[in-house]
Amino acid sequence: MNSAKVLLGCSLVAIASMGLLANSINGKEEERKAINISPVVKEKGVEAKNEEWAKYYPRQYDSWKKTRESEKIDDQLKKKPQLAILWAGYGFSKDYNAPRGHFYALQDNINTLRTGGPVSPVTGPAPTACWSCKSPDVPRLMEEVGEKEFFTGKWAKYGSEVVNTIGCGDCHDSKTGNLVLTRPYLKRGLEATGVKLDQISHQDMRSLVCAQCHAEYYFKKTEETDDKGNKKIINTVTFPWSNGFKGESIEEYYDDLGFSDWTHSISKAPMLKAQHPDYELFTTGIHAKRGVACADCHMPYKQEGSVKYSDHHITSPLDNIENTCLNCHQEDEAEFKAVVKTKLDRKEELMEIAMNSLAKAHLEAGKAWEVGATEAEMKDALQDIRHGQWRWDYSIASHGSFYHAPEETLRLLAQANDKGQEARLKIAAVLARHGVIGYVAPDFSTKEKAQALAGVDLAKDIAEKQKFKQTLLQEWNKEAVEKGRLNMDSRKDMSDHSSYSSK
Ligand code: HEC
Ligand code: HEC
Ligand code: HEC
Ligand code: HEC
């Protein structure tokens, strides 16, 4: 009797607070209409220089610039050495940091060891596509040269063109000021899921501008011969969405294509790397189901005297919990923070288990090859490693997933752990067949140990990068300034950090 009463009481409270939530979402629509004004920043094309926008929208600009406060380098390979094993043979095993503010997106792309140390426009490991989510110069260039040309060639081809970090021109139309999708591949991705582009609501746009970059993608490779008979390789950013947004649906998409990002250098498994499926995972959670958009938490309204505007200081909503979460959740701040922390702890625990079992599976597979295992013997286990690691990566590469979609994240981590253990059982049987019993994988408990096992030659990579920064990068910046594409003042407050030079 008593417990039934308590339950009834609770659900009434829940219903009442849901009413409040709905009110505050609808109220936003009115506020928004009242503050939308839009002078023309540029009549034709994309204005990529954020300072140009500042002349008309000082509040949005000043708050946008605060993204530079998130400048700390957080070396994930140091924190989670398993990562270097999981990504052995791939660029991420060299250098991988937690995200920083949008102000640093371009600098981080230039500094990471993953983009290498090119010495000319046609050298280096990365394609032009690696600029795609770093700058409003990307839509500017796509308009000027065409999308196909943009996606042809090496990253270094556009060093003097892509020079302004993520900003106004990524999300706003330079002429009307309206929110706009500047990335054609997002539009194609949405169409593949059945979305009609002319029926997208304003509230959806408050998430979709983020989905341009915070989404899973791969580089679809095509080859063409131009008018002059030259072969061109085009690497187009493509969203693998036609089967849906679940981890398994995207895995199936890649399996059907026979696509791998790389072959693992220890286990030889055909691997997939998840990018940052923030948008996809977010859509599986309760906030998305209730119509909450990314901007509701990451860009809350701010009041300055009689003026109200969207806070463009995109960062962790937990740093500003009163003006974000507690706008809708009328709860005690300390209690609410404790609820949120528990979510993170649960995810960390499961993530650690999954990473350890997958890392061991790679190393044990490496041992099996060493003692003469055959491809036929290894095939099933390698497929388990591919699928297990994909599900782990898909769930955590989306950095805020444990808040965006907690249950879905934990479900995928449980699957990752299961697949990892399945692989290990199969490999143990192969090892036994080749006379190895009780094999224990080597120690990968520090970044140094793990990178040594993964065959990373950091000294060489760092030397190449430093040389590039002293030479070609200087030429890029000089040319960009001369051509009027870059205002060096815009980088004035930017200290140069990387995981290898800031020690
Ligand atoms: C043009 C691409 C692009 C768009 C559009 C974009 N982001 Fe980002 N975002 C990035 C990149 C790249 C990083 C990582 C930057 C770094 O580490 O240097 C990032 C980082 C972040 C971070 C981490 C910030 C921190 O301080 O740790 C958050 C939060 C974020 N974005 C949220 C959003 C939201 C919300 C939207 C939409 C309102 C959005 N982003 C739109 C590319 C984009
Ligand atoms: C990552 C995407 C993104 C970037 C980058 C961005 N904005 Fe916004 N901006 C938004 C969103 C989302 C809104 C909310 C729009 C709405 O709901 O009507 C917004 C709203 C605005 C508004 C309408 C008034 C308001 O404050 O709500 C102005 C003006 C504006 N932004 C200017 C800028 C300027 C100037 C810059 C560059 C310094 C910029 N924005 C960068 C996404 C972005
Ligand atoms: C624009 C309104 C809004 C904002 C802002 C908001 N929420 Fe929510 N939240 C909701 C709604 C609506 C629900 C779903 C309630 C239901 O239907 O059960 C919800 C549910 C939740 C739940 C329970 C479900 C789950 O996923 O575990 C948690 C926890 C939560 N929110 C945390 C947060 C945090 C943390 C923030 C700030 C970073 C936040 N919310 C910001 C509207 C909001
Ligand atoms: C209900 C509120 C809420 C909504 C809506 C929301 N987020 Fe978040 N987001 C959070 C919280 C809370 C965090 C965790 C921040 C932390 O760890 O400090 C986070 C983290 C992130 C991060 C990682 C930041 C980091 O430094 O690791 C990114 C990127 C991000 N969100 C992007 C998005 C995008 C894109 C959307 C829409 C598709 C979105 N968020 C919608 C609450 C929200």
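Visitor: How does the shell around ligand 4 divide by class?

Guide: One reads such a shell by sorting its residues into classes, and in this predicted model the shell around ligand 4 holds eleven nonpolar, eight polar and two charged residues.

Visitor: Which residues come nearest to ligand 4?

Guide: Of the 21 residues around ligand 4, the nearest are Cys294, Cys297, Ser316, His399 and Gly400.

Visitor: Which element gives the most to the shell around ligand 4?

Guide: Here one assigns the shell residues to their elements: α15 gives the most, with four residues, and at least two residues each are supplied by α11 (202-211), α13 (278-283), α15 (294-298) and α19 (401-404).

Visitor: Which residues come nearest to ligand 1?

Guide: Ser70, Asp108, Cys210, Cys213 and His298 come nearest, out of the 24 residues around ligand 1. Two or more residues of this shell come from each of α6 (105-111), α9 (168-171), α11 and α15, and with three residues α15 gives the most to the shell around ligand 1. By class, the residues around ligand 1 divide into 13 nonpolar, seven polar and four charged.

Visitor: Turning to the strands, are β1 and β2 paired in the parallel or the antiparallel sense?

Guide: For a pair of strands one reads the sense and the bridges together: β1, residues 218-225, and β2, residues 231-238, pair in the antiparallel sense over eight bridges, and Lys221 stands opposite Asn235 in β2.

Visitor: How many residues lie between β1 and β2 in the hairpin?

Guide: The hairpin formed by β1 and β2 has five residues between the strands, and in its turn Gly229 has a positive phi of about 85°.

Terms used: Residues are numbered from 1 along each chain as its sequence is written. Chains are lettered from A and ligands numbered from 1 in the order in which they are written. This is a predicted model: local features need pLDDT of at least 70, side-chain atom pairs count only at pLDDT 80 or more; totals for chains, interfaces and linings use all residues. A residue is near a molecule or strand if its C-beta atom, placed from the backbone, lies within 6 Å of it. Ala, Val, Leu, Ile, Met, Phe, Trp, Tyr, Cys and Pro count as nonpolar, Asp, Glu, Lys and Arg as charged, and the others, Gly among them, as polar. Two strands pair if DSSP finds at least two bridges between them.
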